[in-house]
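Hi,

Here is the structure I promised to pass on. Have a look at it first, and then read on for what turned up.

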Amino acid sequence: MNVAVIGTGSMGRGIAHVSALGGHSVVVRDIEQELVDQGLEQIETNLEGGVEREKISTAEKEDALDRITGTTSLEEAVEDADLVIEAVPEQLELKKELFEDVDELAPDDAVVATNTSSLSVTEIASTLEDSSRCLGLHFFNPAHIMPLVEIVVAEQTSDETKSFADEYVESIEKTPITVQDFPGFASSRLGAMFSLEAIRMAQEGVASIEDIDETMRLGYNLPMGPIELVDHTGVDVNLEVMEYLREELGERFKPPQLLKRKYRAGKLGKKTGEGFYVWEDGEIVGVSGEE
């Protein structure tokens, strides 16, 4: 299968990574060559990490890298695609504009998927002339490690498209769950409530950020605490999701002021080196605001 991944941020890189390991030919595309090069370099680094952890062999790493190419041309990325997956920022109009362009350039029978974590897949799909070939493929961050993929069925999604998505997700050795196109789907809606309450507790001084996260790691066996996860995925991304869920589902999703302050200060988490935590080389080295 030929897979086009649009966007070389953390999600796009992970989706390309697992698609190539699954035996698919992958083209990654971003708007600047520097971003493409950085994405390809990080994919190689992540694959090498898999070798070091003995999750994959050196030969599997090399084979996967041979299957991945990069480009700044959207036409080049999608012209032979069987599956197009967008992983651009969580902005509805941006995704719709991208889908309009993909509709003109990709084969008429290509399945077109959005990796949105909360936005309306039905509305995004409506930009395609044949919206029955669209659905959501919501990967989890980091996509090359997390085993779950939400298959989000839009109002227009055909049974054939849904079956295609099931086969693709199984081919990359992920576990698919099917959800209908409601705001936040299953994962983002539940995850937002964890993050909202954890940040509110920190804001109110119930416990330290570190202890709140430790409670969820050790008490609920989560791989990382909800505040650390906000830093990992991005303060800006989480704020956008919460604002959208508030608009669609009500005031229980109102973003805490502490989250808004981080955003206004440009402290967006791991990608900027500081959010709720301080980050160096992808690792937590302290808590923001502490000496």
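A quick definition before anything else: a residue counts as exposed when its relative accessible area is over 50%, as buried when that value is under 20%, and as partly exposed in between. Take D281, for example: its relative accessible area is 82%, so D281 is exposed. Do keep in mind that this is a predicted model.

**Two loop residues with positive phi**

D281 sits in the loop that runs between strand 9 (277-280) and strand 10 (283-287). Its phi is positive, near 55 degrees, though the residue is not a glycine.

You'll find N221 in the loop between helix 9 (209-220) and helix 10. Its relative accessibility is 69%, over the 50% mark, so N221 counts as exposed too.

**The cores**

So what is on the inside? The largest nonpolar core has 43 residues, and the members that touch the most others are I6, V78, V84, I227, L259 and F276. Which helix gives the most to this core? That would be helix 11 (residues 235-249), with six residues.

Leaving out residues up to four places away in sequence, L259 touches I199, V230, V235, L239, M242 and F276. There is also another core, lying apart from the largest one, with 31 residues, including V18, I68, L135 and Y168.

L259 belongs to helix 12 (residues 257-264), where L258, L259, K260 and K262 are buried. What covers these buried residues of helix 12? The cover includes helix 8 (187-204), helix 10 (226-233) and helix 11. After helix 12 comes G266, with a positive phi near 75 degrees.

V18, from the 31-residue core, is found in helix 1. Its relative accessibility is 6%, which is under 20%, so V18 counts as buried. Setting aside residues up to four places away in sequence, V18 touches F139, A143, H144, I172 and K174. If you want a distance to check on screen, V18 and A87 are 14 Å apart in space, C-alpha to C-alpha, and 69 residues apart in sequence.

Next, look at T114, in strand 5 (residues 111-114). Is T114 buried or exposed? With a relative accessible area of 0%, T114 is buried. Its side chain makes a polar contact of 2.3 Å with the side chain of E86. A polar atom of the T114 side chain also lies 3.1 Å from the backbone nitrogen of T116. Beyond its neighbours within four places in sequence, T114 is in contact with E86, K95, F99, V121, I124, L135, G136, L137 and H138. One of these, L135, is among the residues of the 31-residue core.

**Two partly exposed loop residues**

T72 is in the loop between strand 3 (68-71) and helix 4 (74-78). Its relative accessible area is 33%, so T72 is partly exposed. Not counting residues up to four places away in sequence, T72 touches R29, D30, I31, E32, Q33 and V36. T72 and T157 are 85 residues apart in sequence, and their C-alpha atoms are 29 Å apart in space.

S158 is in the loop between strand 7 (148-153) and helix 7 (159-171). At a relative accessible area of 21%, S158 is partly exposed, given that buried means under 20%. S158 and R133 are 25 residues apart in sequence and 6.6 Å apart in space, C-alpha to C-alpha.

That's what I have for now. Happy browsing!

Technical notes: Residues numbered from 1 in each chain as written. Predicted model: local features only at pLDDT ≥ 70, side-chain atom pairs only at ≥ 80, totals over all residues. Heavy atoms only, no water. Core = buried A, V, L, I, M, F, W, Y, C linked by side-chain atoms within 4.5 Å. Buried < 20%, exposed > 50% of the residue type's maximum accessible area, 1.4 Å probe, protein only. Helix = DSSP H or I, 4+ residues; strand = E, 2+ residues; numbered from the N terminus. Contact = heavy atoms within 4.5 Å. Polar contact = N/O pair within 3.5 Å; in protein donor to acceptor, adjacent residues only side chain to side chain.
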